Amino acid sequence: MTGVSDVSVSLLPRHPWTAFCVRRSARLVLSLGVVLTASFAMIRLVPGDPVRAALGVDAPPALVAARRHQLGLDQPFLAQYRHYLGGLLHGDMGASLITGTPVAELVRTRLPATLDIALPAFLVTLAVALPCGLVAAVHTRDGRRPRAELAFTAVTAGLASVPDFVLAAGLSALLAVGLELLPVAGTAGAESFVLPVLALSLAPTAVLARVVRVEALKVLAEDYMRTARGKRLSPARRYLRHAAPNMATAALTVAGSLLPAMIAGTVLVEKVFAWPGIGSAMAQSVVAQDYPVVQAMVLILGTTVLLAGLLVDGLLALLDPRSAIREM
Amino acid sequence: MTALTLCQVTVRYDGPHGPVTAVDGVSLDIPAGTTVGLVGESGSGKSSLARAVVGLTPLSGGRIILDGREVGGRTVRARRHLGRRVQVVFQDPDTALDPRMTVRQTLEEAATAFRRLDRRARSERVAGLLDLVGLDPRLADRLPRQLSGGQRQRVAITRALAVEPDVLIADEITSALDVSVQASVLNTIRRLQRQLGLSMLFIGHNLPAVCYVSDVVAVMHRGRIVETAPTTALLRDPQHPYTRALLTSVPILNAPPPGEPAAPALPALPALPALPDEKLS
Amino acid sequence: MSVPTRSRRSLPSSPLAWVAATMLASLVLLALAGPLVWGAAADRPDPSAVLQGPSAAHPFGTDNLGRDLLARVLTAARPSLLLALSATLLGAAGGVVLGASTAVVGPRTRRWLATLINLLLAFPALLVALFLAVVLGAGAGGALFALAVASVPGFARLAQTLAAGVSGTDYLAAARVLGLRRHRLLRRHVLPNIAEPLLLSTTMAAGTALVALAGLSFLGLGVQPPAYDWGQLLNQGLDRVYAQPLPALAPGLAILYAALTFQLLGEVLAGSAARRAHAPQSPPTAPLPATLPAPLPVPDGPAGDDHVLQDHVLQVEDLTIELPTPAGVIRPVRGVSLSLRAGEIVGLVGESGSGKSLTALALAGLLPEHARVGRRTHRLLGADLTAMTRKERHHHLATGLAVIFQNPASALNPSLRIATQLTEAIRTHRGASRTEAAAQAEAALRRVALPPSLLRSRPHQLSGGQRQRVMIASGLMVRPALIIADEPTTALDVTVQRQITELLSDVRRDTSAAVLFISHDVALVAGLCERVLVMYAGTVVESLPADRLATATRHPYTRALVESVPDLTADRDRPLRTVEGGPPDPLAPAAGCPFQPRCPHRRHRCAEDVPALTDLDPGHRVACWYPLPAPAKATAS
């Protein structure tokens with residue numbers, strides 16, 4: 001018996017890890033392929049002539065033809081795709097139909113600004129939701145304090161249903177304009193980060209706190225928590241050492257699923273705060289029908305989301321090798 | 001009456017650490033009208049075998065033969081052919097019945113699976129079936145959660161019998177029940193087997209319960225059948241060391257109290273390897 | 001400790017339900033009547049009142065054409081809600097078909113579908129919707145379709161997860177064996193059983209869809225002028241947010257209100273679904289108590305034997321437990337008394353629901369916190385636990401007794417090393433240093449015949465039998481005077497069961513700890529224990545030497561229980577003994593002997609008075625007015 005366990009200790013992780021990495025990479029490649037193809041196809045799928053739409057009906061035909069040629073729209077489909085991928089490899093994402101500036105330049109200046117608010121928002125969400133959910137679970141377990149449970153449920157339900165862009169508009173009206181406490185828009189100084197981060201993280205925090213509470217309640221009802229009670233360990237040891245590690249996986253899984261939504265949410269929030277990021281660039285170019293820019297932004301946002309997912313899955317695999325690998 | 005023969009049946013799964021052979025070349029003969037018991041511990045592959053026989057798990061090798069003709073379970077058509085002849089009852093009374101269907105709906109679905117019945121014939125059939133297993137006909141309009149575990153298990157047996165199968169496979173049907181309920185389900189299943197002339201494969205981990213209903217007992221260990229013998233012969237003179245280990249491990253009610261020398265109710269048997277040679281006390 | 005009862009538990013949820021219902025009604029009313037009542041006002045331009053702030057005539061102000069914003073917000077309810085609901089329903093329909101079909105297709109198709117759903121899920125719905133809206137062209141129809149498609153993967157994953165739960169059930173397997181065709185399986189068995197949670201998340205998703213559609217309109221991709229919805233109104237007003245916050249934010253408040261409505265509605269639905277899932281499982285004929293039982297009485301049973309038994313490790317008298325359940329307060333343990341001498345091994349036998357495990361938990365002070373416990377005496381090692389402070393009691397229990405639970409797989413913490421789980425108790429209560437504790441843990445593992453190298457393992461690397469040995473070692477660490485083993489072998493195979501019971505016997509012999517062995521297995525207890533207590537419906541009905549179990553039981557229930565166990569030597573042609581009927585409904589305990597309705601020997605008195613546990617001879621006590629004759633009739637063996 002002992003021999004079996006010794007062998008399993010050393011051999012167990014090896015094969016599954018390889019399988020995990022292979023499968024995860026395969027999925028990433030497949031998803032990246034989807035993003036690339038979708039962003040490429042978008043400009044070709046748009047109803048009507050995208051160049052004419054962007055330049056307006058009065059544009060001289062010569063200019064339209066020139067832009068079409070510049071975009072490669074007059075070439076065969078496969079050649080266009082090859083050209084597109086080749087361009088991407090060299091960092092060439094085309095140029096804006098309207099301003100003519102290279103899109104790559106736009107991405108280089110704007111991507112950091114978006115990450116500057118998306119990442120802090122994610123960290124704030126984790127830092128607030130995890131303790132809140134755990135504390136709420138400890139206080140309302142076994143149907144105790146039904147009033148506190150109701151209050152937690154109602155408040156988080158309320159906060160979770162606040163749309164980020166509505167919150168953004170409200171916050172800017174209240175705090176920035178009404179009370180003149182914080183900057184309204186732009187990236188001037190640390191204070192200017194407060195409102196966008198708050199707008200992005202409030203609803204996800206409420207959602208995550210609810211999930212953490214439910215997960216924590218499940219863990220607290222487990223047999224091993226009764227064993228820990230039987231040992232009469234201190235509450236701090238029981239909750240932090242015995243309960244917390246067992247809910248980390250579930251909490252992080254949900255948090256990981258919130259991250260892409262948060263990145264997508266930057267589109268609307270950046271528009272409200274005129275934040276010079278990917279999102280606001282996308283919002284502007286969508287309205288202006290500046291398709292090369294939209295195309296690039298879809299590609300960048302999609303890739304960011306996929307890489308974030310990879311990060312979370314890797315973290316999960318490190319934290320809890322068994323379940324993460326099994327679920328792949 | 002129908003005989004079921006399993007011929008070198010093998011079942012493999014894709015486990016998390018590579019393929020797992022759950023059932024490894026099992027051959028077993030269930031003669032017409034007899035009950036064959038299959039006993040084994042958890043992970044021995046006995047439930048995988050049951051699922052494979054009724055076509056719920058694909059065979060990785062071997063054949064299943066009903067009355068001399070090979071049957072398969074790969075397609076819905078083959079499964080329908082098989083289901084008309086072979087039915088199964090599972091272990092868990094909690095999930096045995098669809099929680100949203102009344103007993104009547106469950107039984108009607110089974111009774112009409114292979115033959116058309118008009119409204120009156122259906123309700124007569126349901127009443128007759130409930131009577132067969134000794135259930136109050138007033139239970140027909142109850143939902144599963146309004147029944148006790150023993151009642152649910154009886155309804156599950158009734159559902160299997162509703163298609164009038166020739167072969168019944170009972171997979172751990174009493175292991176989730178209390179002993180007093182287990183006794184009445186065992187009585188029922190034994191009476192039905194004799195009354196209807198069923199060929200039955202009775203699977204369980206509780207050796208006394210399996211022996212009680214079976215004419216022949218097969219012992220399964222790590223995917224293989226290690227011994228098959230008529231019940232009395234198996235109890236009197238077990239051949240395989242694993243069978244002996246199993247028999248000595250079964251607690252016996254009228255064993256002598258601790259401290260006194262044990263008079264073996266069964267032939268003195270070697271203890272399990274890696275265990276101190278002690279009497280069960 | 002407050003006892004949440006049925007009425008008090010359902011009270012708090014009802015205001016939420018009322019609020020949600022009222023909000024939903026207002027939205028429905030608004031969607032139906034809004035355009036009829038305010039439609040004209042909303043479209044009437046007034047060049048004299050362009051871009052006004054809030055006033056009596058225009059509570060929310062006016063827009064750039066002088067149209068009344070309040071009227072516009074109210075009128076926009078219909079398109080906003082209609083679009084959101086259509087998109088949700090379309091998306092839900094697509095997703096559910098995609099996800100639920102995974103339960104009924106073959107394994108290969110299932111894997112492909114799962115991969116597809118995984119792939120689609122990697123992209124956030126908003127981004128997909130944005131992309132599709134761009135491709136489809138700006139407009140309400142495009143936005144609706146885009147959003148519907150974008151919400152398909154989420155629904156598909158949910159339906160897939162739920163359907164996987166159904167596909168693992170025995171009833172779906174049975175339906176497959178019946179040869180039902182796939183569409184029939186899906187329609188009859190899968191969809192009805194996942195409908196409730198799906199409906200719930202559809203409700204929540206409607207809120208999300210509303211916000212997302214508003215977001216698309218906000219970006220200029222959704223509803224196009226001259227039509228308008230809330231998102232578009234918000235977009236139009238955003239430039240004014242710094243000058244006139246209310247006119248700018250009014251559409252946002254409407255979005256918030258609608259989103260909150262759907263969220264609360266989902267909340268209420270989820271709450272009522274959860275309550276229904278916990279509804280009593282007993283037949284509907286069982287009457288529910290109209291009132292709560294009287295509060296726990298101060299035990300005052302037969303006095304006289306209230307003295308302290310000095311050589312006893314454990315002494316409990318008149319233990320009673322009350323548990324609140326959604327259907328009412330039940331009393332699963334009623335007046336149990338028991339005592340154990342040092343080195344004694346005592347069995348506690350009963351069927352499920354007899355209260356044996358709750359008794360064990362009460363002895364160890366581990367009942368759920370909402371349970372109420374009453375007892376006249378509770379002494380561990382001679383010390384009265386009822387007279388101690390909470391802290392003293394904890395220390396005394398932690399060092400005086402150890403509990404071994406039924407399922408070693410779940411009783412050990414999966415994320416902590418064995419070493420941590422073995423040493424933490426003595427480090428906390430005995431102040432042992434790290435090295436001392438480690439040395440003792442090695443010794444404890446050796447004691448249960450496990451190698452010390454296991455200290456660095458985690459529970460999942462051990463077999464079931466090894467885990468239970470670790471649990472025993474963990475209990476031995478505090479050198480307990482009493483070991484309570486609650487069905488310690490029920491989750492194990494019969495060959496492993498024998499190893500564990502032998503280990504417990506050895507431990508008892510070597511450490512002279514008393515063992516209370518709780519089990520449903522009469523035969524196991526008879527072979528292992530010296531003395532046996534038989535429980536039925538929360539009371540001890542018989543207490544006897546273990547060697548009398550097979551042939552000399554006196555209580556009709558014990559006799560029936562013993563005879564219903566199949567034996568290897570049983571006569572296979574004779575039916576097993578059975579007991580008609582079921583245990584009494586814990587919610588509606590009847591007067592008299594609890595076994596009386598099922599007892600073949602009952603007489604008048606049995607239905608009226610509860611028999612007390614009385615001595616037949618030293619060592620044999622029975623709670624029956626008419627005990628069976630002592631020389632037993634022929635038994636099953």
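Predicted model: local features only at pLDDT ≥ 70, side-chain atom pairs only at ≥ 80, totals over all residues.
View 1. A salt bridge here is a side-chain nitrogen of Lys or Arg within 4 Å of a carboxyl oxygen of Asp or Glu. The rule finds three of them across the interface of chain B and chain C.

**View 2. Chain B against chain C.** Here 74 residues of chain B touch 64 residues of chain C (contact: heavy atoms within 4.5 Å). The two bury about 6100 Å² between them, with 56% of it on carbon and sulfur atoms; buried area is the accessible area (1.4 Å probe) that two parts lose on being put together, summed over both. On the chain B side, E109(B), Y212(B) and L253(B) lose the most area to chain C, together 12% of what that side buries.

View 3. Between chain B and chain C, 18 residue pairs are in polar contact, both residues at pLDDT 80 or more. That term takes a pair of N or O atoms within 3.5 Å; within protein, one must be able to donate a hydrogen and the other to accept it, and residues adjacent in sequence count only if both atoms are side-chain atoms. Nine residues from α6(B) make up the largest share of the chain B side (helices are DSSP runs of H or I, at least four residues, numbered from the N terminus).

**View 4. Chain C against chain A.** This time 74 residues of chain C contact 74 residues of chain A. They bury about 6500 Å², and carbon and sulfur atoms give 68% of that. F131(C), L219(C) and Y242(C) supply 10% of the area chain C buries here, more than any other three residues.

**View 5. E267(C) and R210(A) in a salt bridge.** Their closest N and O atoms are 2.2 Å apart, and the count between chain C and chain A is three salt bridges. Helix α10 of chain C, residues 245-277, gives the most to this side, with ten residues.

Methods:
Residues numbered from 1 in each chain as written. Chains lettered and ligands numbered in written order. Heavy atoms only, no water. Helix = DSSP H or I, 4+ residues; strand = E, 2+ residues; numbered from the N terminus.
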